[in-house]
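Thanks for coming. Let me put the structure up, and then I'll walk through it.

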Amino acid sequence: MVRTAVRTAIIGAGIGGLAAALALSRRDQAVDLYEQAPEPGEVGAGLHLGSNGSRLLRRLGLAEDLERVAVRPVALEVRDWSDGRVRVRQPMGDVWEASFGAPYYTVHRADLHRMLIDRLPSGTVRPGHRLTGFTTGDDTVRLHFADRPDTEADVLVGADGVHSAVRAALHGTGTPLLTGTVAMRGVLPADAVPGLPTDALLVWSGPTARLLCAPVRAGRQIAYVAVVPATARDRESWSARGDPADLRAAFADWCPDVGKLTEAVRTTHRWTLQDREPLALWGRGRVTLLGDAAHPMLPHHGQGANQAVEDGVALAHCLARASDTGGVASALRHYENLRRPHTTRVQLGARDGGSGRFAGPGDERGVRGLVEDVSWVQRYDIEAELDRR
């Protein structure tokens with residue numbers, strides 16, 4: 001049977017939107033990726049690619065780039081916040097890959113963003129397009145942009161983040177669930193913090209805050225995330241500028257290594273930690289959601305980007321078979337029905353991951369419990385699941 005290519009319009013050129021566009025293009029599907037920023041690019045710092053995400057990106061052709069730019073941490077070390085002693089060391093590296101079937105990487109978000117863009121056909125990404133609305137018909141979706149002509153597509157995918165315009169049009173704006181904490185994050189040169197390993201994940205957890213650092217850019221830089229209590233002046237944001245003095249104050253009486261790291265920070269961003277209750281339905285008709293637009297989740301299990309990549313691969317699979325499975329709308333509902341139970345479980349599990357399980361002498365049990373919590377996620381292979389369906 002000859003399958004008819006579906007033209008898909010994706011709103012949002014973040015990691016999820018780019019992964020979906022690449023997966024679609026590799027299945028010979030037509031795709032246009034609309035981004036409101038005047039130039040495609042990604043802000044942020046480090047992100048974690050679990051085995052469930054890295055196996056898919058390697059299959060999409062990113063294996064060599066990931067090996068060149070990303071880092072495979074050899075271990076996760078939980079250190080005492082007050083004196084810096086290593087409380088427990090969880091092997092990763094080859095041990096992790098053997099256990100879960102693919103590597104665990106830490107990578108700068110901008111590097112992964114560039115890898116994905118470079119593999120897309122020329123002209124796929126269309127910057128300077130801010131979606132203002134859409135109109136659905138029996139056979140097409142008409143997209144309306146600010147200061148740009150309307151356009152049409154067979155499918156509309158909202159991959160435009162926690163404040164998604166597509167989600168708002170489908171389900172209303174709703175109210176984000178604030179956690180009462182913020183993450184201060186950024187990157188700094190590894191040689192600005194001599195003595196810290198450039199091949200391991202480090203976690204310090206104290207009474208009211210937690211600090212994690214990870215090597216990126218082949219170990220030349222260290223990405224840090226500090227989870228601290230929110231203040232009255234914090235607003236809903238994932239990219240507001242922060243004050244390094246606030247970071248230093250939050251960790252003022254911590255161990256010397258933490259002090260050296262916070263003293264070396266010159267710029268930082270402040271990210272309000274929030275998610276939303278899982279949706280009972282993601283889309284309708286020829287419209288669906290992907291990534292944070294569908295299931296915004298807290299970062300405590302490092303799964304936001306990984307789940308968005310899984311979404312993109314699943315979406316491409318379902319749309320490529322749309323003519324075999326009852327048409328576009330049916331293919332989108334199949335995609336949602338497959339992904340929604342899985343992402344809901346991951347999303348709710350990420351909430352529990354922020355409960356401070358590394359706070360005291362029970363660290364050994366805590367880190368092993370965390371690995372057990374995420375092992376089913378790391379082993380998951382969405383393409384194997386699709387083959388079974």
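**Cysteines, sheets and cores**

Taking a disulfide as a pair of cysteine sulfur atoms within 2.5 Å, the count here is zero. A word on the source: this is a predicted model, where local features need pLDDT of at least 70, side-chain atom pairs count only at pLDDT 80 or more, and totals for chains, interfaces and linings use all residues. Numbering starts from 1 along each chain as its sequence is written, and side-chain values use heavy atoms, with hydrogens and water left out.

Cys213 is buried at 3% relative accessibility, and Cys255 is buried at 1%. Buried means under 20% relative accessible area, exposed over 50%, and partly exposed in between, with a 1.4 Å probe and protein chains only.

Now the open sheet. Helices (H or I, at least four residues) and strands (E, at least two) are DSSP runs, numbered from the N terminus. Two strands pair if DSSP finds at least two bridges between them. Five strands make up this sheet, ordered E7-E2-E1-E11-E18, with parallel pairing. Which strands stand at the edges? Strand E7 (125-127) and E18 do; each has a single partner strand, so one side of each is left without a neighbour in the sheet. On average, neighbouring strands here are turned by 20° against each other, direction ignored. Axes are lines fitted to C-alpha atoms, for helices over the stretch in contact, and angles run from 0 to 180 degrees between N-to-C directions.

Strand E2 (residues 30-35) runs parallel to E7, joined by three bridges. Tyr34 stands opposite Arg126 of E7. Over at E18, helix H9 (residues 328-352) lies across strand E11 (155-158) and E18, at about 20° to E18. Contact means heavy atoms within 4.5 Å.

His300 sits in the loop between strand E18 (287-289) and helix H8 (304-320). Is His300 buried or exposed? It is buried, at 19% relative accessible area.

Next, strand E15 (residues 221-229). Seven of its nine residues are buried, so E15 is largely enclosed by the rest of the structure. Strand E12 (residues 177-189) pairs with E15 in the antiparallel sense, over nine bridges. There, Val187 has Ala223 as its bridge partner. Strand E14 (residues 210-216) also runs antiparallel to E15, with seven bridges. Pro215 stands opposite Ile222. The hairpin of E14 and E15 has four residues between the strands, and Arg217 takes a positive phi near 50°.

Last, the cores. A nonpolar core is a set of buried Ala, Val, Leu, Ile, Met, Phe, Trp, Tyr and Cys residues joined through side-chain atoms within 4.5 Å. The largest has 69 residues; Ile10, Leu57, Leu112, Leu143 and Val166 touch the most other members. Apart from that core lies another, of 24 residues, among them Cys213 and Trp254.
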